[in-house]
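Q: Could you take me through this model one topic at a time? I'd like the terms spelled out as they come up.

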Number of protein chains: 6
Amino acid sequence: MSMYACNTSMVDTAFYSSDGDLMIIPQLGDLMIQTEFGFLSVQPTEIAVIQRGIKFSVEVEGEARGYVCEIYKSHFILPDLGPIGANGSANGRDFSYPKAHFEDRDCEFRIINKYLGEFFEAEMEHSIYDVVGWHGNYAPYKYDLKRFNTMGSISFDHPDPSIFTVMTCQTDDPGQAVCDFVIFPERWLVAENTFRPPYYHRNTMSEFMGNICGVYDAKEEGFIPGSASLHSTMTPHGPEAGVFEKASTSKLAPQKISAGGLAFMWETAYVMTVTDYAVDHNNLDNNYYKVSKFLKILVLAWT
Amino acid sequence: MSMYACNTSMVDTAFYSSDGDLMIIPQLGDLMIQTEFGFLSVQPTEIAVIQRGIKFSVEVEGEARGYVCEIYKSHFILPDLGPIGANGSANGRDFSYPKAHFEDRDCEFRIINKYLGEFFEAEMEHSIYDVVGWHGNYAPYKYDLKRFNTMGSISFDHPDPSIFTVMTCQTDDPGQAVCDFVIFPERWLVAENTFRPPYYHRNTMSEFMGNICGVYDAKEEGFIPGSASLHSTMTPHGPEAGVFEKASTSKLAPQKISAGGLAFMWETAYVMTVTDYAVDHNNLDNNYYKVSKFLKILVLAWT
Amino acid sequence: MSMYACNTSMVDTAFYSSDGDLMIIPQLGDLMIQTEFGFLSVQPTEIAVIQRGIKFSVEVEGEARGYVCEIYKSHFILPDLGPIGANGSANGRDFSYPKAHFEDRDCEFRIINKYLGEFFEAEMEHSIYDVVGWHGNYAPYKYDLKRFNTMGSISFDHPDPSIFTVMTCQTDDPGQAVCDFVIFPERWLVAENTFRPPYYHRNTMSEFMGNICGVYDAKEEGFIPGSASLHSTMTPHGPEAGVFEKASTSKLAPQKISAGGLAFMWETAYVMTVTDYAVDHNNLDNNYYKVSKFLKILVLAWT
Amino acid sequence: MSMYACNTSMVDTAFYSSDGDLMIIPQLGDLMIQTEFGFLSVQPTEIAVIQRGIKFSVEVEGEARGYVCEIYKSHFILPDLGPIGANGSANGRDFSYPKAHFEDRDCEFRIINKYLGEFFEAEMEHSIYDVVGWHGNYAPYKYDLKRFNTMGSISFDHPDPSIFTVMTCQTDDPGQAVCDFVIFPERWLVAENTFRPPYYHRNTMSEFMGNICGVYDAKEEGFIPGSASLHSTMTPHGPEAGVFEKASTSKLAPQKISAGGLAFMWETAYVMTVTDYAVDHNNLDNNYYKVSKFLKILVLAWT
Amino acid sequence: MSMYACNTSMVDTAFYSSDGDLMIIPQLGDLMIQTEFGFLSVQPTEIAVIQRGIKFSVEVEGEARGYVCEIYKSHFILPDLGPIGANGSANGRDFSYPKAHFEDRDCEFRIINKYLGEFFEAEMEHSIYDVVGWHGNYAPYKYDLKRFNTMGSISFDHPDPSIFTVMTCQTDDPGQAVCDFVIFPERWLVAENTFRPPYYHRNTMSEFMGNICGVYDAKEEGFIPGSASLHSTMTPHGPEAGVFEKASTSKLAPQKISAGGLAFMWETAYVMTVTDYAVDHNNLDNNYYKVSKFLKILVLAWT
Amino acid sequence: MSMYACNTSMVDTAFYSSDGDLMIIPQLGDLMIQTEFGFLSVQPTEIAVIQRGIKFSVEVEGEARGYVCEIYKSHFILPDLGPIGANGSANGRDFSYPKAHFEDRDCEFRIINKYLGEFFEAEMEHSIYDVVGWHGNYAPYKYDLKRFNTMGSISFDHPDPSIFTVMTCQTDDPGQAVCDFVIFPERWLVAENTFRPPYYHRNTMSEFMGNICGVYDAKEEGFIPGSASLHSTMTPHGPEAGVFEKASTSKLAPQKISAGGLAFMWETAYVMTVTDYAVDHNNLDNNYYKVSKFLKILVLAWT
């Protein structure tokens, strides 16, 4: 699985990946994605998924920024919801496929293919968006994250954040995901006699988080929209010190949190590597560990 | 699966069923259950499960009443919680096994066995509670329903009541339970822009409900503690008319419901028959269908 | 599983079964089936499936006749096609759900329910077809059997008739079907160096066959449209003697068979019983065994 | 599953069951079993299995007696041996199929069919043993129980007798067998610091035992060759008092037991009923419970 | 999985791979394969499979050429045939194991082992073909591809070529094969109202094809016996332009195709790399893309 | 999976691996392992397992030596025992978790983390062993190998050594273990008419063996306590010549072997590489192949 940013304007150029499926999460700017199956208009707080082998182009107006995750195995599906049952979490009927659209147009057309992590290209003299109709379910789709029917504790304790799973891509090993896609949307907190923010923990999976908009409740400083954090497998982490203090002393009345905000997590059993750009001094939040009361000396140094 | 009442005082008598496991839900009066594995003290809002073949006696002081369900296949287990994950719903660590207890006592001892729905008995001259110690996990247990960490909507819609599943006993056919044990405990309702009580529905499983204490939110009249209702497979039902009116017009602020109350449901893919006692005119709630605005003419008559 | 005939005209009456799903195969006369989900227009060579708990009425003009199968467990699904893969046999996209339709009409309305094999009824003062819209996939559907893309040998040998399976309803035991629905449509025979009709065999499942129209290739006499045959588990049977002779001596050029004809089979691992009507002397084909060269003394008599 | 005795001489008569597979365990007299697939010569300490729908006749010389078990679901297979792995227990290569044999013979031939527990018959004018050759693996077979490579404790404790499982017929529910076929052959006992005979226990399955030859180590009296015992689900039982005393006081040197003896068990998750013949006073061992020190008052009486 | 050619003559030398199983498809010249289990005589239109760890030598007379595929995980098995059922496709009874053969011969004997892609060797002074007898099913085998009972459309549409699967080697992920082995043998085409050759498509698996003899129907030029083609994952491809024209205009009478011809495909979910030899200018078909009307500009160039 | 030696004394230093679980087998010297969950005292003939992400320190007095295996996927579990059933092999109740222990101590504390095979470190000013209590089952444990209830042949033949499996860590592919942990403890041999030591064989898995104490029955020379042997996938091996001669000629009376001895095997479907230290001339047993009568020329040389 690789996760990278995509910020490009293509004219008469289409792209497809032979390596995996792409989940695209715009954070800034609306995307008009043209695919062989038709158009997907995707705005921040929505996501799009484009599968392996499907050709597409993206048009943006003005500045655009977002997150892209490519999975090299299997596909995103709705999780087996267990006792949550019907109506809760993400529902199949809220996912939208494109309506067929074609153009019969001669032009210089360039196709870029990503295969085994390298790029190849070919030229055609006709628009590749010439698919007149389609049926089946191997097709790109979009989903509006505001339609996620969030479940949580309505009694006394703090559940695992897995309860916010929108979609999952499974390995063959139950519980070991290629990628779980989890969101932290606007929601009510009513659990009594408990510590309401995410608690300190280690995770056998690695957690990549992004912030689409607003303030994330477990990290009120630094984690601005468009930024990202990575907690690798089994390294302990948790809410920042200020959040801890506040949550430990507040009166636990019903409270709506993250109003107007939306953060997300890609959680994976695989290992993520970071690019040079990501660890560049100018891009790193060098104060990250200081806001944590308990974790401040856990920042790892290469020996 | 059969569900029946048990209200008896045994002296030097033990019982075991060769037919199935028993879930015992006291509604009135505390039970002191002696088993071959030791004692289980069980009070209303707690449950006990005693498996096939395990000998036990029940001692009560004063009046006692409750519900008993016998399953003829498989065993009760915690459901696969899916995205609910750790901490939510019922947790294994909250189930209590008895501590070994034995007596070396000569006496007239009667053993009653239920086998294929008939009763057999044998006499011994020694207490059968002579088990000095035990290990393994095929042992009776109790669970305090107040430890159930209830999940629900913290956003906008009404989830399936399956989200309140405490335990399940599965058939070989996923989704078709021998018996799902579901509770309706004290909890917060915060879902916005919705109808908060259970909605009108049909169910491919049959629903047997009991009320342990308090007022059940979908049926405020008639369904008194100690009573029971049965909605057989595919017969439509829902909240009573008054509940519907109130829920349709109230302002949807955070609200704690069923405070101090507790109802439960046994839901089964099998067919339940009713005893003569259950359909006796004096025991039936003959006004049940009248409080329902929509369902009143759906009471079935034998043709 | 029970299989029975349904030939009725209902006015302001709806029916639902709490016992199982119904597959309806009209053989004579067009059916206009009204359901809570909308209308299904079903003609001979089409089928309809109406699931447990769904209310419906059937309107016919003139004479109507057909076959109905009720399954008491699970649902009909498309079989896992194995190597047949995409495009072959029945395809999901050819199954049609009804379009939502409702009426807001006060009237005397009778609902008949079948539950545990008995009939119950209730009266309402409003049409029950008042469902304004619906989503989900637990809904009645129809399928046109002429859309079945028939596979068969294109080389040299005769495959198992399971290759003609349209839908199946599975038990938990792989290979043991509650009901396999198989058809014998118009098709090409090109296999060389072989005996092309169904061969003599025994079957661990029982075979109930019906003839919708035309002449069935393994039984050219007697098995007229609207009739039925039953071969119970492990009783040997095969093509009639005349068919055997012809198939053994003909030159095996490409040949289109059953042109304009359509027979079907319901095959089940359960045991079927026959009604009095079915074994009435006037309805039985008393010459059935005589046309079989080999099997004629195999007609079983009760000892 | 039914278990019954078969002691008959057929001339130009063949039998087949539409209800299930038969395991035949001769205890006295050699059997020459003619089947459609050829002959199986089966002697005491060997077994034969004849599947549903396969026609066969049995010829015996002189007196013959044995045990027959009919399973109404699935088939006997070798158990998944787990860590026992290759070479241990029963091995596939030791099971013998018949060699094809046919006769082209006109005669009066009677076929008897068992279907739903009733018998039917038909007449033919030709021997039904006219199968010239066959392939496949749905065929009758025999197995010599002396080829069973018995595993057991070679250290210090007493394993579950399931370790002596020769074949099993499984339900869909792991661990719940339609029928486990287990033997107690000649073997070494070397476990130290333990009680070597079967210990006192209850079983969620019912145990039907037979004695083919010799003395069974847990019951030295009464359980003569050709007799049978039945311990129904969850009724406690164990070795007789004399066996208990001896095993509790003997020095535990390596010891070969059951030399020349062979007992067996059919263990089933289903319920067995007994025939009138089985519970006839003259056939019952009325002293059975007296030889048990601990269990003597556990003989159940109908209340 | 690697696929390579093997064209060698060994004297007193044996080879075994610790890395995987080999499927050997001779295209020119007969092979006499000596193994520890005996001899396999394999000719063009037959295949042999020799498993990991089994020592063998190959003797050829004159020129020999063919295809070899090595799978690094699991083994080849017959696919679950689904509705095709008995008799169709490849049948277990047509696979031949060698008959045990041994030699007691002192000589200089060299053993070559392939382990982790590297070669190792050892010397012995005795023939390693000294295995006197064997039992089990982990043994080399051969199969005559002319025994494949080919299924296909006998009605109106073109099925997925998966219908021609002879054997498969599965990953743990259903539908993702380590290697599917598929053939395109002589067969009848009778489907009406359709385009009969393989249609244009993309495949999530990579397709390696070889031509054993004759003319392949989707590519009449260039793809001569002994050559190979590779279409990597998700790159579109289809029949050549001439084939398209002809198939689009021909009258669709029953037609026997590939008479005397035989092509095959190894299809894999893994990625195949090509050797220098394979992409050498002299070995490449540089006109491949020109015969395709639609695909001609899709030949990828390294950017 | 990697297997390496660990011989270190840590003061105020803790270690955790993000890569996998560790099985620690002390061979010389007692270990006091401090973990976040409490202490594990582990002596030779016992083992400890410490899972991914759990911090621990090891204290030894005097010389210490042993074997450590790290598994990069899944966890060790008890194998499905199959017919061995209850009581045999390793039993869950004999595995010991640590009792919670904490210290509230300020100090210089160094944490070393192994992640992707590299080491990282961090400093803290407080003991990380500050966990006051815990629940759950993801916790380190120990097991005393002398509690293994060894099964084996008590009749006539030699079973697969898989019968000595203590724990297994499975891949997704049944029968292909990440690591099977097998022991060869003191036990009785009573099988008659057979060759009692391990027979000559090849294995699709690689076998790493270690000797904890005593003499291993299949290799009496050279394989001293603390040494190790490795037989890679599919390379044949077996008992040494002297063992073969003795076992072929001895009288097969009951015999207790490996009295006071204990060897073990880690068997894996993955490939093991050897360190420079392991193949150093001074550490290798250069006479290993000479004691084997049959295998002596099979030592592989790099070509």
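A: To begin with exposure, a residue is called buried under 20% relative accessible area, exposed over 50% and partly exposed in between, with a 1.4 Å probe and protein chains only. This is a predicted model, in which local features need pLDDT of at least 70 and side-chain atom pairs count only at pLDDT 80 or more, while totals for chains, interfaces and linings use all residues. Residues are numbered from 1 along each chain as its sequence is written, chains are lettered from A and ligands numbered from 1 in the order in which they are written, and side-chain values use heavy atoms, with hydrogens and water left out.

Q: OK, salt bridges: how many does the structure hold over all chains?

A: Taking a salt bridge as a side-chain nitrogen of Lys or Arg within 4 Å of a carboxyl oxygen of Asp or Glu, the structure holds 90 of them over all chains.

Q: Take F:Lys256, then: which residue does F:Lys256 form a salt bridge with?

A: The partner of F:Lys256 is F:Glu186, with the closest N and O atoms 3.5 Å apart. This pair links distant parts of the chain, since F:Lys256 belongs to strand 18 (residues 255-268) of chain F and F:Glu186 to strand 15 (residues 177-189), 70 residues apart. Strands here are DSSP runs of E with at least two residues, helices are runs of H or I with at least four residues, and both are numbered from the N terminus.

Q: What about E:Asp94 and E:Arg147, at what N to O distance do they meet?

A: The side chains of E:Asp94 and E:Arg147 meet in a salt bridge at 3.1 Å, N to O. E:Asp94 sits in the loop between strand 8 (65-71) and strand 9 (95-96) of chain E, and E:Arg147 in the loop between strand 12 (141-144) and strand 13 (151-153), so the pair ties together parts that are 53 residues apart in sequence. E:Asp94 counts as buried because its relative accessibility is 16%, whereas E:Arg147, with a relative accessible area of 43%, is partly exposed.

Q: Got another one, say F:Arg110 and F:Glu121?

A: Those side chains meet in a salt bridge of 3.4 Å, N to O. F:Arg110 is in strand 10 (residues 106-115) of chain F and F:Glu121 in strand 11 (residues 118-126), so the parts tied together are eleven residues apart in sequence. Relative accessibility is 32% for F:Arg110, which therefore counts as partly exposed, and F:Glu121 is partly exposed with 25%.

Q: Switching to the surface: which residues form the negative patch?

A: Patches are made of residues with over 30% relative accessible area and no salt bridge, like charges being joined within 9 Å and nonpolar side chains (Val, Leu, Ile, Met, Phe, Trp, Tyr) within 5 Å. Lys and Arg count as positive and Asp and Glu as negative, leaving out His and the chain ends, and a charge is placed at NZ of Lys, CZ of Arg, CG of Asp or CD of Glu. On that basis A:Asp104, A:Asp106, A:Glu108, A:Glu123, A:Glu125 and A:Asp130 form the negative surface patch. Strand 10 (106-115) and strand 11 (118-126) of chain A each supply at least two of its residues.

Q: Where is A:Glu123 found?

A: A:Glu123 is found in strand 11 of chain A, and at 37% relative accessibility this residue counts as partly exposed.

Q: And which residues form the nonpolar patch?

A: With accessible areas from the Shrake-Rupley method (1.4 Å probe; for residues, only the protein chains shown count as cover), A:Leu230, A:Val274, A:Val279 and A:Leu284 form that patch, with about 300 Å² together.

Q: Backbone next: what is phi of F:Asn193 near?

A: F:Asn193 is not a glycine, yet its phi is positive, near 55°. Most residues other than glycine have a negative phi. F:Asn193 is exposed, with a relative accessible area of 75%, whereas B:Ser258, which also has a positive phi of about 55°, is buried at 13%.
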